[in-house]
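Let's take a friendly walk through some helix packing and a few local details. Have the viewer open as you read.

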Amino acid sequence: MFTDLFQKKRGTWKGDALAGLTTALALVPGSIAFAFVAGVPPISGLYAGFIICLITAALGGRPGMISSAAGSLAVVMVALVAEGNRRGGEGAGFEYLLLAVILMGVIQVLIGVLRLARFIRLVPHPVMMGFVNGLAIVVFLSQLKMFRERDGATVGDWLQGPPLWTMIGLCAATMAIVYLFPRITRKVPSSLVAIITVSLVAFFGISTFTVGDLSSVQGSLPSLHLPQVPLTWETFRFIAPYAVILSLVGLVETLMTLQLIDEVTDTRGKGNREALALGAANIVAGAFKGMGGCALVGESLINIGSGGRGRMSGVFAAIALLTFILVGAPLIDRIPIAALTGVMFVVVIATFEWTSFKTLGKVPLSDVFVIIAVTGITVWQDLAIAVISGVVLSALVFAWKSAKHVRLSVVSETEEERIYGLEGLLYFGSVRDFAEQFRPADDPPRVIVDFRQAKVCDLSGLVAIKSLAERYRKQGRTLQLRHLSPDCRRMLDRAGSLVPVEIAADDPDYSVARIP
């Protein structure tokens, strides 16, 4: 597994190194800001960035994807930290959070071991589009906070006058460099060039808000720190619900980001392996004062867009982030927030699925509704609720449409026999329509239903067949089935006496008990 780090199956060493450096610069303000949102020390966000990025890059299932402290988790953590402080005094909330992060990692490891990450394949494309759009809006809104006055973690009023125009100008300059520099050369990531250029301009003559004004990144190597909370049943009951929510939110965002990067790079990642790596990373992070995290769409796209394709891009990003913490703080502290905000605005533009607007009038309204609903719920609530809601909506839409597509037609008939051909899926949503299409009193003595173009999907379908057979029996008529698929036959076999139906005599390779 570790040999994957040094086998360049994707990208180049130079591309991974430069992309990792660019990504690390973007991770710094985000990690600090998310720590502020969660109500924990800023260094905790930076430690999480280093540990989680390193482990998931080295061991995960998606080379090129970046994981770190995340805003989607921070908004859940803030309630845990606040309640922990109320229970145990100031600072206790952070200790409870560390234990919850460890438990979150254990849950994610179990999900990976049980290979449950495969269920992400059930997410329909409209849900994916809504997720991407919602995440782009969330990232955009988070960057607008940078246009407010700040005193460390305290956010004040909106900037006005020269400070506002300076912020806007530097953001615009950053975005212009990102878009225009590739016309000169693509050998150096344009995001890195933009950050360095704008930093130099600000250093030699423009006063503006910098990373150091937010919080210095200076720190030491992370050290082992077991959560200082009582290991009791009461503590477990308190943190367990938060740990479950954090694990699901983190995994959903990670696996959705993995699918997005798969599409961008035309490759395929391994979801279960990524779940295992993310769980292990969160366990280690929680034991070393890290606030936990998951995959980040913005930073992952920065990494991919800057040429990072291999595992070493994430490893380089983690090492660069640790270097910033240990020795590079004086330089990183001088980077204008406007430069990093400009880069994130470019990411927002690249992330948003602008083709969503082209779908209007060209795809079913139900798909458009799902896209809008998932986008709105992502912004209003959180990613996990949005994706689950989208999948449920899509399933209900599918069930509603499929219920109308059970078609019955007469294939042939004589005075003694009539053969019906059935098309569609027979399941809980379509059984009523299925039953209403038969008129036992008007049929001849023997009726055969041909299932060549149909499929029985669940117990509701089996019960519907049984009920139909009973209706024919009460009328003194015989109902038989023909051309059941092998899986439908196995389902009837398992049902046994629950569904005693009759199979047509000319149906090969199969026979079941006749109706008594």
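This is a predicted model: local features need pLDDT of at least 70, side-chain atom pairs count only at pLDDT 80 or more; totals for chains, interfaces and linings use all residues.

## α4 against α9

Which residues of α4 meet α9? On the α4 side they are Tyr96, Leu99, Ala100, Leu103, Met104, Ile107, Gln108 and Ile111. If you are picking atoms in the viewer, the α9 side includes Thr235, Phe236, Ile239, Ala243, Ser247 and Gly250. By class, the contact holds 16 nonpolar and 4 polar residues, with no charged ones. As background for reading such a list, an α-helix has 3.6 residues a turn, so residues three or four places apart point the same way.

## α5 against α14

Now for another pair. Helix α5 (residues 125-144) packs on helix α14 (residues 337-351) at an angle of about 160°, and their axes are 9 Å apart. An angle over 145 degrees counts as roughly antiparallel, so that is how α5 runs relative to α14. The crossing here is left-handed.

From α5, the contact draws on Val132, Ala136, Val139, Phe140 and Gln143. Helix α14 answers with Thr341, Met344, Phe345, Val348 and Thr351. Sorted by class, the residues of this contact are 7 nonpolar and 3 polar, and none is charged.

## Helix α10

How many residues of α10 are buried? The count is 13 of 17, so the helix is mostly covered. Helix α10 spans residues 271-287 and reaches 24 Å from its first C-alpha to its last, close to the 24 Å expected at 1.5 Å a residue.

Is Pro222 buried or exposed? Pro222 has a relative accessible area of 16%; the cut-off for buried is under 20%, so Pro222 counts as buried.

Leaving aside neighbours within four places in sequence, Pro222 is in contact with Tyr47, Phe50, Phe288 and Leu322. For a sense of distance, the C-alpha atoms of Pro222 and Gly169 are separated by 38 Å, with the two residues 53 apart along the chain.

Conventions:
Residues are numbered from 1 along each chain as its sequence is written. Side-chain values use heavy atoms; hydrogens and water are left out. Axes are lines fitted to C-alpha atoms, for helices over the stretch in contact, and angles run from 0 to 180 degrees between N-to-C directions. Helices (H or I, at least four residues) and strands (E, at least two) are DSSP runs, numbered from the N terminus. Angles under 35 degrees count as roughly parallel, over 145 as roughly antiparallel, 65 to 115 as roughly perpendicular and the rest as oblique. A crossing is left-handed if the near helix is turned anticlockwise from the far one by less than a right angle, and right-handed if clockwise. Contact means heavy atoms within 4.5 Å. Ala, Val, Leu, Ile, Met, Phe, Trp, Tyr, Cys and Pro count as nonpolar, Asp, Glu, Lys and Arg as charged, and the others, Gly among them, as polar. Buried means under 20% relative accessible area, exposed over 50%, partly exposed in between (1.4 Å probe, protein chains only). The expected span of a helix is 1.5 Å times one less than its number of residues.
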